Amino acid sequence: MIFIAGTIWSTIGVFVRILQGLGADSSTVAFLRLATGIVPLGIILILMGGTKLFRIDKKGLIVCIALGVISQALFNTAYTEAIAHVGVATGAVLLYTSPIFVSIMSAIFFKEKMMPLKVGAIAINIAGCMLTVTGGNFSIAQFSVYGVTMGILAGFCYSLMTILGTVTSSYHPLTVMFYSFLFGTLTLAIFNGPWENLSEVVSPSLLLAGLLYALIPTVGAYFFYMKGLSCNLETSRVPVIASVETVFAALIGALAFSEPMNGAKIVGVVLVVASIIMRNVGTGASALDQ
């Protein structure tokens with residue numbers, strides 16, 4: 001399920017390009033992703049269980065607030081800022097520092113052991129993501145202290161989604177998604193103020209694209225992601241598996257937008273796949289870690 005979520009997330013770039021082509025700026029795109037997802041989520045919840053799926057206790061609500069503010073609103077804002085200051089490629093590389101944060105927090109909070117195989121898989125994963133995104137051309141990286149800081153912050157916020165999502169495993173994934181989207185939308189509305197740009201570019205095409213953006217790489221991907229987290233998967237595996245997003249994003253870029261796919265990118269794809277296999281070798285993992 002985590003793997004499926006990663007593949008669906010790889011379509012984000014397609015929707016971002018469409019929405020930006022229709023005139024939406026970065027803050028509006030981030031807002032639309034969450035805001036347009038609330039309505040279909042609410043309808044799905046009502047159809048599945050009436051009002052009972054909206055019920056959540058105080059602990060769950062607090063975690064959903066944290067998910068909405070940190071892993072939705074702050075993440076989207078930080079990632080957008082990183083891309084604006086250091087570029088798409090460097091921003092994506094910085095985002096995938098998340099496995100490092102997840103492994104450290106998993107060791108602290110869930111007492112997961114930092115075995116050699118795990119450390120090696122994370123290192124290979126990060127190297128693979130860097131090659132997949134940059135194609136081996138590191139000269140495109142533009143150094144900006146603020147941009148790099150925002151990129152690392154995005155990676156940290158993304159990693160907290162895994163940690164906090166594990167805590168919500170006793171709640172229905174759609175319930176958690178609904179409330180995290182709600183609080184994320186409110187946060188973006190208050191601090192980003194997307195209304196001005198939205199009022200200028202709103203159109204039936206924009207609303208349709210925004211709705212599809214919400215349904216496919218947002219509601220759809222997060223459903224599989226949260227459902228996967230509820231299956232008691234070892235926490236530090238999650239971001240490594242989800243990083244398959246970079247592989248499919250590179251393939252979509254090459255096939256749909258004629259972006260170059262050179263030898264370095266192919267090596268990067270192989271490394272990412274290898275790291276996922278290393279973190280999912282089943283019962284053999286324990287033996288190899290020893």
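Visitor: Where does serine 230 lie?
Guide: Serine 230 sits in the loop between α11 (204–229) and α12 (238–242). Helices here are DSSP runs of H or I with at least four residues, strands are runs of E with at least two, and both are numbered from the N terminus. This is a predicted model, where local features need pLDDT of at least 70 and side-chain atom pairs count only at pLDDT 80 or more, while totals for chains, interfaces and linings use all residues. Residues are numbered from 1 along each chain as its sequence is written, and side-chain values use heavy atoms, leaving out hydrogens and water.

Visitor: Why is serine 230 called partly exposed?
Guide: Buried means under 20% relative accessible area, exposed means over 50%, and partly exposed is in between (1.4 Å probe, protein chains only). Serine 230 has 23% relative accessibility, so it counts as partly exposed.

Visitor: What lies 2.6 Å from a polar atom of the side chain of serine 230?
Guide: That is the backbone oxygen of lysine 227.

Visitor: Why does asparagine 125 count as buried?
Guide: Asparagine 125 has 0% relative accessibility, and therefore counts as buried. Its place is in helix α7 (residues 116–134). Beyond its neighbours within four places in sequence, asparagine 125 is in contact (heavy atoms within 4.5 Å) with Pro99, Val240, Ser243, Val272 and Ser275.

Visitor: And methionine 177, buried or exposed?
Guide: Buried, because its relative accessibility is 1%. Methionine 177 belongs to helix α9. Setting aside neighbours within four places in sequence, methionine 177 touches Leu41, Val219, Tyr222, Phe223 and Met226. The C-alpha atoms of methionine 177 and methionine 226 are 8.1 Å apart, although the two residues are 49 residues apart along the chain.

Visitor: Which label does isoleucine 104 get, and why?
Guide: Isoleucine 104 counts as partly exposed because its relative accessibility is 44%. This residue lies in helix α6 (residues 98–109).

Visitor: Where is confidence highest and where is it lowest?
Guide: pLDDT is the predictor's confidence in each residue, from 0 to 100. Confidence is highest in helix α9 (residues 173–191), at a mean of 92, and lowest in helix α15 (residues 284–289), at 41. Over residues 283–290, pLDDT stays under 50.

Visitor: What does the chain average?
Guide: The chain averages a pLDDT of 83, and 92% of the residues score at least 70.

How values were computed:
A polar contact is a pair of N or O atoms within 3.5 Å; within protein, one must be able to donate a hydrogen and the other to accept it, and residues adjacent in sequence count only if both atoms are side-chain atoms.
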